[in-house]
Amino acid sequence: MVAGWLLVGFGVAVGHLALTGTYTDYVRVAMKLPLLAAALVLLVAGAAGVVSGVSRGSGHHDHDHDHGHDHGRRPVPTAVLLALVPLLVLVLFRPAALDAAATERVAPAAQPDTEVVTRIEPLPGRPGVPVPITFYDLFLRVNSPGGPESVRGRQLVLQGFVAKNQSGLATGQVRVGRYKIWCCAADGTFASAEVAWPAGAGRPAVGQWFAVTVTVTGVRTVDDYAVPIGTATSVRPITPPEPQYE
Amino acid sequence: MVAVHSAGAPPRAGSGPRRPVSPLGGAVVGMVALTAFAVAGDGALTSDRVRQWCTVFLALMLQALPFLVLGTVLAGLVAGYLRPSLIARVMPRNPAVAVGAAGLAGAALPGCECSSVPLARRLAARGVPAPAALSFLLAAPAVNPVVVVATLVAFPGRPEMAAARWLAALGTAVTVGWLWTRWGRPLPPPPPGRDGDSPRQVFLHTVVDDTSTSIGYLAVGAAAGATLSVLVPRHWIDALAGLGLLSVLALALLAVLLAVCSEADAFIAASLRAFSPTAQLAFMVVGPVVDVKLIALQTGAFGPAVTRRLAPLSFGVAVLAAVVVGWVLL
């Protein structure tokens, strides 16, 4: 019966995360339907398990079920107890998406080994018209042959936040970036740019989200990768977009 | 191979032999120790790091849950509604061919690790030769469509990981089955009177029990993944990952320890980004065929004599298969 209630609890938690959109802090947007479906199954199965447990009473199961584990005995299997941990973590800690604080430990964005960029597409739009781009796309371009030329002289519009790690920068420069995920937050990588902040705008706060219009002026090599350097022509504070990841 | 039933009754699943130290407890203790080492090696356990750990932990849980649930529902259907006598009737006579057929049957019949053990046992009782039953036991958790889809999702843009996993897992199941025809032992039959429940009850209980325990094991796996991603110093990971074959063995051993459901292990493997694809493959191939949970289940169902051969054999063949397939495909 504990198992049944556990499943009901998970069904409620997962369903809530999916319906409120909070799930995008952890996994990709496309997971909404699978999560909702799983929540439904968990609720139904859990409820049926609880009802079945109630109707059986707390008696010992005389006949063996076809399982290797001995759920016929009390106490509750360790695994079921451990399954409570994620629910507790969710309820007690309510962890947010990967944010500025996590950038402390993170090296510049690393390309997955097999994501080899063989051809750089030219940027859409005409020169002189600012074009939206992701931090990760910008990172790929400055690290691929032919990429830097594709962004030279163009005005790029990026959405990102001010990183906690501001080391290694020249005066007046700010490191801004955004996390890119492939599968879920576990593989989140921080893609960033080092941007000369407009003089009149004042020093931005760590973690604040901005929409910045940037012209790329060069690159700086950190470890094995090139990090884009640019000048911001305009910065506008924004609320964190949903999803927060690229 | 003659199935010899000795005078002493084999241990009944459900009543269970005396339980050794809980393997799950061991895994948790191991992880706490790992965390302690990691914290000692990399400075203070800041609240930022804890929050980040929680985010990655929950991310892994959420990502894997839909696949885990789908897997246990399908396994429950198989456990409740599939009649082993049907399988036994269509099984080829020749043991070698039967092993291959059983391995491929695993591709069609999703089986979470929890339910594949008793199903294999029932197959053996209905006359399926032990090597074929074992081949099915090893294949079903790892080559079924849910696992393949999960692996495709976990490694977006890299379908070769799913292909490599499927090939290596099938190769492992079939090879172990073939080796078992030579060096294996018969499987003890299940105790009589097991079919008291209606199929619907078996289905429901399978789903509820397997899902709840699998979520628990997933929590341990996700916690380990989060710890390795967030808390363990990067240069430790990089140093281990750079050790070539040793890194493959390290992830293979980790897979044994973590006992993550096969529908979910691809996500844990994908989060271990510092390691080579072959090492990640080893994690995914070894996990479904031998881990602390399976060892416990097999000991309960088949007895220690069988498990003592099956577990190390599975481990060795799985690692070899991962290395070979990884070398060719990845």
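Me: Which residues join R175(A) in a network of salt bridges, and how do I read that?

Reply: Start with the general idea: side chains of opposite charge can pair when their charged atoms come close. The rule used here asks for a side-chain nitrogen of Lys or Arg within 4 Å of a carboxyl oxygen of Asp or Glu. In this structure, R175(A), E194(A) and R220(A) are linked in such a network. Before we go on, keep in mind that this is a predicted model, where local features need pLDDT of at least 70, side-chain atom pairs count only at pLDDT 80 or more, and totals for chains, interfaces and linings use all residues. Residues are numbered from 1 along each chain as its sequence is written, chains are lettered from A and ligands numbered from 1 in the order in which they are written, and side-chain values use heavy atoms, with hydrogens and water left out.

Me: How far apart are the closest N and O atoms of E194(A) and R175(A)?

Reply: For that salt bridge, the gap is 3.0 Å. The pair links distant parts of the chain, with E194(A) in strand β4 (residues 189-196) of chain A and R175(A) in strand β3 (residues 173-180) of chain A, 19 residues apart.

Me: What about R141(A) and D137(A), which sit in helix α5 of chain A: how many residues apart are they?

Reply: An α-helix has 3.6 residues a turn, so residues three or four places apart point the same way. R141(A) and D137(A) are 4 residues apart in α5 (residues 135-142), about one turn. Their side chains meet in a salt bridge at 3.3 Å, N to O. R141(A) counts as buried because its relative accessibility is 5%, whereas D137(A), at 27%, is partly exposed.

Me: Which residue does D265(B) pair with in a salt bridge?

Reply: D265(B) pairs with R165(B), and the closest N and O atoms are 2.9 Å apart. This pair also links distant parts of its chain: D265(B) is in helix α12 (residues 265-271) of chain B and R165(B) is in helix α8 (residues 159-183) of chain B, 100 residues apart. D265(B) has 2% relative accessibility, so it counts as buried; R165(B) is buried too, with a relative accessible area of 2%. Over all chains, the rule gives 5 salt bridges.

Me: And a charged residue without a partner: which side chain of opposite charge is nearest to E246(A)?

Reply: For charge, Lys and Arg count as positive and Asp and Glu as negative; His and the chain ends are not counted. E246(A) is buried yet has no salt bridge, with R178(A) the nearest side chain of opposite charge at 4.7 Å. E246(A) lies in the segment after β6 (225-237) of chain A. Leaving out residues up to four places away in sequence, E246(A) touches several residues, including F135(A), Y136(A), R178(A) and Y179(A). Touching is a contact, meaning heavy atoms within 4.5 Å.

Me: How many helices and strands does each chain have?

Reply: Chain A has 6 helices and 6 strands, following the pattern α-α-α-α-β-α-α-β-β-β-β-β along the sequence. Chain B has 15 helices and 0 strands. Buried residues make up 51% of the 246 residues in chain A and 58% of the 330 residues of chain B.

Me: What span should helix α6 of chain B have?

Reply: The expected span is 1.5 Å times one less than the number of residues. Helix α6 (residues 130-143) of chain B has 14 residues, so it should span 20 Å, and its end C-alpha atoms are 20 Å apart, which agrees. The helix is mostly covered, with 14 of its 14 residues buried.

Me: Where in chain B is confidence lowest among the helices, and where is it highest?

Reply: Read pLDDT as the predictor's confidence in each residue, from 0 to 100. Helix α1 (residues 23-42) of chain B has the lowest mean, 69, and helix α13 (residues 277-289) of chain B the highest, 93. Chain B averages 80, and 86% of its residues reach 70 or more. Over residues 1-20 of chain B, pLDDT stays under 50. For the complex, the predictor gives an ipTM of 0.85 and a pTM of 0.80.

Terms used: Helices (H or I, at least four residues) and strands (E, at least two) are DSSP runs, numbered from the N terminus. Buried means under 20% relative accessible area, exposed over 50%, partly exposed in between (1.4 Å probe, protein chains only).
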